[in-house]
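Please view the sequence and the model first.

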Amino acid sequence: MEAYVSSASLPSLICSHRSKPKFANSHSSSVPTAPSQPLLRTTTSSKFKLFSSPVSVEVPLEAADASATAAFSSGDEEKFDWYSQWYPVMPVCDLDERVPHAKKVLGMDVVVWWDRNENAWKVFDDMCPHRLAPLSEGRIDPSGRLQCVYHGWCFDGSGDCKLIPQAPLDGPPVHTSKRACVAVYPAIVHHDIVWFWPNSDPQYKDIFEKKKPPFIPELGDPSFTKIIGNRDVPYGYDVLIENLADPAHLPYAHYGLPSIERKTALVFMCIPVSPGHSRLIWVFPRNFDVWVDKVLPRWMTHMGTNLLLDSDLYLLHIEERKIKEIGPENWQKACFLPAKSDGLVVGFRRWFNKYADSEVDWRGKYTGELPPTPPREQLMDRYWTHVVNCSSCNCAYKCLNAAEIILKVVAVAIIGVVAATKQGVITASTRTGLAILAALCYAASKWLAHFVYDNFRYHDYNHSFPEKVMLFLRIFGLGIAL
């Protein structure tokens with residue numbers, strides 16, 4: 001098992017269930033500030049390491065909670081700068097090069113689009129300087145520029161305005177004004193994911209040459225296959241970090257989860273979107289031959305992953321609201337955490353309280369109040385939180401819906417043919433066979449409609465009856481324990 005947990009926007013968690021770990025720790029003289037700095041790593045060699053520098057020192061199991069706290073809390077009193085980090089935005093496989101995409105990170109509205117003139121993904125402020133219309137509602141014009149759909153202003157990959165249709169050709173070149181430019185954020189493709197630096201100051205223009213996004217060896221190894229996905233979840237960044245850094249919940253919240261018999265990796269990246277709203281990007285890199293990788297499409301593996309997320313979703317949503325009521329700074333007073341397995345959670349919370357004042361820096365965009373709890377069907381919705389943002393699941397959703405309609409049309413057509421055919425033109429056995437075929441097509445369409453709704457729209461997870469989850473994990477699921 002290998003794992004990475006960062007104190008900022010990228011907690012990357014890689015887990016397996018093999019052997020009892022030992023703990024090792026190293027101390028750094030600086031605040032753990034970057035997602036690029038892994039703070040937690042576990043391996044199948046029965047060692048559990050916490051580090052923020054290349055040096056490591058063995059620590060006995062009894063000191064696990066202290067080790068975790070030290071890794072998150074070592075250093076001076078400098079506060080964490082949320083806007084001087086790399087943040088993953090979206091997997092490249094889930095972005096369409098033909099259209100701009102609206103995304104929100106740290107409360108910032110950004111537009112992600114493919115600049116074919118530079119062959120690179122660009123991340124802009126999602127606001128046209130003309131009348132503040134969202135550029136994500138625009139289009140890519142024939143010249144490969146981002147065009148605002150409101151008045152047709154066009155911008156190149158540097159954010160410079162290249163065309164104002166309403167400006168006369170023989171008039172002053174108003175499009176060259178700095179006020180006509182769009183804020184551009186440094187962006188880079190790393191591990192097949194688009195990352196951006198949420199600061200448009202010119203001093204950060206070449207930040208990727210000085211500070212790169214976190215490197216995870218498995219994701220950079222061409223011998224590994226990768227299954228990647230994303231989902232928006234209705235609870236905050238801190239609660240999601242806790243969940244990813246808490247291995248003790250696995251056999252209970254994911255009751256019956258089959259043990260992982262081979263070395264594997266699970267990488268989770270957490271992005272703060274807004275209060276009570278986070279984005280999770282997951283990658284499953286594997287370097288062994290599994291038939292799931294070669295036979296099943298990506299959307300089938302996402303069904304199992306979404307079921308696992310659903311099992312935690314409601315619990316964490318309620319937990320976040322209870323923490324909000326008591327105050328995040330009083331979290332440890334309200335929660336009783338006596339077990340060694342709580343060490344990482346305690347460590348993160350202490351770091352979060354000390355260096356981030358128990359909250360993400362939204363720069364005044366929000367009051368800090370959480371949105372009200374929606375109906376359960378909306379809270380656990382899969383379509384708007386995953387399907388529309390996943391190229392594989394979106395395609396499968398459309399195809400399966402089309403198949404459902406086709407089956408119904410075929411059923412009605414067969415019944416119509418049988419009813420319109422005169423007696424004696426076809427034999428009684430043929431007539432009976434066609435009637436049965438029509439019934440089967442109709443029944444298949446009804447089953448398919450239920451399947452699509454249950455897996456692409458909403459599934460009410462019941463912890464008392466987890467058999468369905470286990471079935472999907474073994475048949476479609478993660479493909480790590482078949």
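## A pair of helices

Angles under 35 degrees count as roughly parallel, over 145 as roughly antiparallel, 65 to 115 as roughly perpendicular and the rest as oblique. Such angles run from 0 to 180 degrees between N-to-C directions, and the axes are lines fitted to C-alpha atoms, for helices over the stretch in contact. The model is predicted: local features need pLDDT of at least 70, side-chain atom pairs count only at pLDDT 80 or more, and totals for chains, interfaces and linings use all residues. Residues are numbered from 1 along each chain as its sequence is written, and side-chain values use heavy atoms, with hydrogens and water left out.

Helix α11 (residues 391-420) and helix α12 (residues 428-457) have axes that come within 8 Å and cross at roughly 155°. α11 and α12 are therefore roughly antiparallel to each other. Helices here are DSSP runs (H or I, at least four residues), as are strands (E, at least two), numbered from the N terminus.

## R321 in helix α7

R321 lies in helix α7 (residues 298-326). With a relative accessibility of 13%, R321 counts as buried (under 20% relative accessible area, with exposed over 50% and partly exposed in between; 1.4 Å probe, protein chains only). Leaving aside residues up to four places away in sequence, R321 touches L370, P371, P372 and T373, where contact means heavy atoms within 4.5 Å.

## D192 in a loop

D192 is placed in the loop between β14 (187-190) and β15 (193-196). Its relative accessibility of 44% makes D192 partly exposed. From D192 to L219 the C-alpha to C-alpha distance is 8.7 Å, while the two are 27 residues apart in sequence.
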